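Here is a short briefing for a first look. Please view the sequence and the structure, then read on by topic.

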2 protein chains.
Amino acid sequence: MANYQQMKLFMEPESIAAIGVSRQTGPDAYNLLENLLLYGYAGRLYPVNPNAAEILGVKTYASVADVPEIVDLAVISLPRDLVTQVVRQCIQKGIRAIVVVTQGFADADDEEGKRLQREIVNMVSGTETRILGPNTFGVANAHLRLSTSYIRIPMEANGVGTISQTGGTFVGLTDVRLAGKVIDVGDACDVNTVDGLRYFEEDDDTRVVVLHIEGMTDAKEFVDTVRRVALKKPTLALKVGRSEKLARAVQSHTGALIGSDLLWDVALRSAGVIRVNDIEELSDAIRAFLRLPAPKGNGVGLTTYTGGFGIIAADACCRNGMELVEFSKPTMDALSALLPEWLGVGNPVDIWPGVSIMGHPRAKMETAALRHVLSDPGVHAAMAVISAYQPHLGEEHLPMIREVARDFPNKPFVYFMYGMHFEEVRTTLESTGTTLAFPTPDRAARALMHLRRRDEYLQSQASRHAS
Amino acid sequence: MANYQQMKLFMEPESIAAIGVSRQTGPDAYNLLENLLLYGYAGRLYPVNPNAAEILGVKTYASVADVPEIVDLAVISLPRDLVTQVVRQCIQKGIRAIVVVTQGFADADDEEGKRLQREIVNMVSGTETRILGPNTFGVANAHLRLSTSYIRIPMEANGVGTISQTGGTFVGLTDVRLAGKVIDVGDACDVNTVDGLRYFEEDDDTRVVVLHIEGMTDAKEFVDTVRRVALKKPTLALKVGRSEKLARAVQSHTGALIGSDLLWDVALRSAGVIRVNDIEELSDAIRAFLRLPAPKGNGVGLTTYTGGFGIIAADACCRNGMELVEFSKPTMDALSALLPEWLGVGNPVDIWPGVSIMGHPRAKMETAALRHVLSDPGVHAAMAVISAYQPHLGEEHLPMIREVARDFPNKPFVYFMYGMHFEEVRTTLESTGTTLAFPTPDRAARALMHLRRRDEYLQSQASRHAS
């Protein structure tokens, strides 16, 4: 077990010994030292390699014993047979945080791997030294421009804190970086998910906590800890093993048991953790929690450029636990004034005739309708259905969107956008810092739903506490 | 009702009268004539506008009566009160295909709209003239560089034929263009979905048929027709109205009833139509049917660079109706030879140690493993889990992927790829023409499942026919 101060040595080291750094450099060399220099990590670096006096201009030491300070963190990337000996040197040196990157311990299929793992666990037992791994990418902290992964990763200090049982999370997902800060517990021989939670609970840089869980040795301690964390920060879990068949068929690659999926479901929900079904739902929910206010009710108002896609979006809202509300009389009147007389106004409201027939400029029509919809007391969130049929938005569009967000700070609005120029227009829209765009209405509605459910959870906990 | 020859006038016109084209041009003018010139449509164009002698250098006529030929197709975009009179002129002229773009007919909330719609229906009744619309974008045919939508759309002659009750489909989805050819039936006063099906059934350009359905007046005729089409071509339906609440709350914007969702489900499945839940599933399935062979069984083989994401992918396969098979002895032996001795080989197979420890170049390791997996007689499809941590693939990578596809023409392989450079690497991978990449394993597995299920359907129909 590691407390917050010990975890800080892993997550916020001021000095690192990189043990087993190669002299090879370049894109396919996976050189940790080269990566850290490229990121611009500002801490002190000590490469250790008995066959080099310097690597990339950095003085290199034959052994960790020769390093002229007791570094905060040692990262060991050596063939597995050499690891125990170096772990011993680190302990003797007084180093208190060790990442063992090397594979082939509990994750190996032979007895030797399990024996080696027991050996390093015994070595640190009773000492002040903690080991993260083996079989791990280690840690990343984009706030310090640091990653111990040999794979080079993007640095985005985005408020996401991730604890995973795989290094895949270092690279991140298509739409979101998971490595604002990340801890890969790997084979979790010593430092584990609970230790990671203790760090993120206290860490001011982290606003959303993400868990990738395959299995857990001490489920009770985990649930107690995560319940506490989830009261402070949105906590999302991708718990693998929905399929019973998989749980039986695939032994976890880190040696932990997958466990009963239904029990996990109940345990996570009762602890206030939001369990997501797949990485797309995870990605969308993270983005929502980082960016949007929580809706204070289920009511959604929809504006659309095509009746058909408006109905598709309405359907998606209803299927994802949100509700299409009837607009109030003042909202209807305000919308009607922008549209042809013959057009029945409802929710969704079709705004295209306001452009094509009434001649309102697109940006003005879009934001005026959004504003009227958000003004409705029954509307707690809005979704705008727009088409990315051209790559640009008008320049006057963005300030108008920012103003809507400023005037409705407690009501999120999102875009369901279709069309080939999705990526360009999304980048532009999201540059406002106040909204998100999704390529399907289901994803947009589900993101709103997660915001809403967390708000409900916090309220239920607050009222339980008060009563 | 329109037969194939009549539908060809709409879909493959050699001459078009554009009635109500404005003199305004530029991006916000939504000028049909300008669009057609920009697309490079090669047919003869006759703008009709009483206030102009020429528009964009094209001779312009005061009335459709003045146009010097009986055009194949007339497109009417005028205020609704002027439409009936012009429809009459078109009929008198002998024009047999009319698109009425104008809104405010059955889709309007007033009596006048419904009266006007009855009027134009009565006019064409018993004549050889057919009307598509009103309240429609009309038709698009990227093979002829033609679209009657005032919104400018991308032209991609991709084998997709779409029939929809909205113009949203003209713009297309984020990952796929729906308008290889598209028919927007709009208010469907005359030409309807069944007529569209008759066209796509015969049309050699169309390899995948896509239906966007809100409701239908003659469900029996539709089901009989679509059953025939689905035997010839993969036919996908986005039937709106999954949520009962929505079906009650939202009256369809085209005036058609949404109908019982469960009945639709049964009817579509029995007719061999693949019903998709949302536009993401639609988009992924279209891409799969355009690109990949059908797996001849449920068995999937997985290669991965990280154990954790491999398990996530395995989970996704099982949840989406595919199966993780045990590799045969020869497959295991071939994979083992590429990997460290201590690594247990299974499905998924973790190939990263082949790169990091055994020193195989990434492209070679990836395609060699894929090849071994696809050689396994129990494997009917493969999924490769890779990370897009850098924007490029090696140049030698693409020919190797093409060769794998060439050597296994009856076994699809797809990529689940994560990381910030997803879009760049996907574009590169898919440029091979032989594979698809998805940002989540669920989407990849679901696409394989749709290919598999259709193959099963065709086989069941063939054996029923044979017995």
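Which residue is the bridge partner of T162(B) in β11(B)? The partner is V182(B). This is a predicted model, in which local features need pLDDT of at least 70, side-chain atom pairs count only at pLDDT 80 or more, and totals for chains, interfaces and linings use all residues. Residues are numbered from 1 along each chain as its sequence is written, while chains are lettered from A and ligands numbered from 1 in the order in which they are written.

**The sheet**

- Chain B holds an open sheet of seven strands with mixed pairing.
- Its order is β9-β8-β11-β10-β12-β13-β14.
- Strands are DSSP runs of E with at least two residues, helices are runs of H or I with at least four, and both are numbered from the N terminus.
- Two strands pair if DSSP finds at least two bridges between them.
- At the edges lie β9 (146-147) and β14 (274-275) of chain B, each pairing on one side only.
- Strands β10 (residues 160-164) and β11 (residues 181-184) of chain B run parallel, joined by four bridges.

**A helix pair**

- Two packed helices are described by the angle between their axes and the distance between the axes.
- In chain B, the axes of α12 (residues 329-336) and α14 (residues 362-375) come within 9 Å and cross at roughly 170 degrees.
- Axes are lines fitted to C-alpha atoms, for helices over the stretch in contact, and angles run from 0 to 180 degrees between N-to-C directions.
- α12(B) and α14(B) are therefore roughly antiparallel to each other (the term covers angles over 145 degrees).
- From α12(B), T331(B), A334(B) and L335(B) meet A369(B), H372(B), V373(B) and S375(B) of α14(B).
- This contact of α12(B) with α14(B) has four nonpolar, three polar and no charged residues.
- Nonpolar means Ala, Val, Leu, Ile, Met, Phe, Trp, Tyr, Cys and Pro; charged means Asp, Glu, Lys and Arg; the others, Gly among them, are polar.

**The two chains**

- Chain B gives 66 residues to the contact and chain A gives 65 (residues are in contact if their C-beta atoms, placed from the backbone, lie within 7 Å).
- α11(B) gives the most to the side of chain B that touches chain A, with ten residues.
- That side of chain B divides into 28 nonpolar, 23 polar and 15 charged residues.
- A rotation of 180 degrees with 0.0 Å of shift along its axis superposes chain B on chain A, at RMSD 0.0 Å (by least squares on the C-alpha atoms of residues with pLDDT of at least 70 in both).
- That is the relation of a two-fold axis.
- The same surface serves both copies, as 97% of the contact residues of chain B recur in chain A.

Technical notes: Contact = placed C-beta atoms within 7 Å. Parallel < 35°, antiparallel > 145°, perpendicular 65-115°, else oblique.
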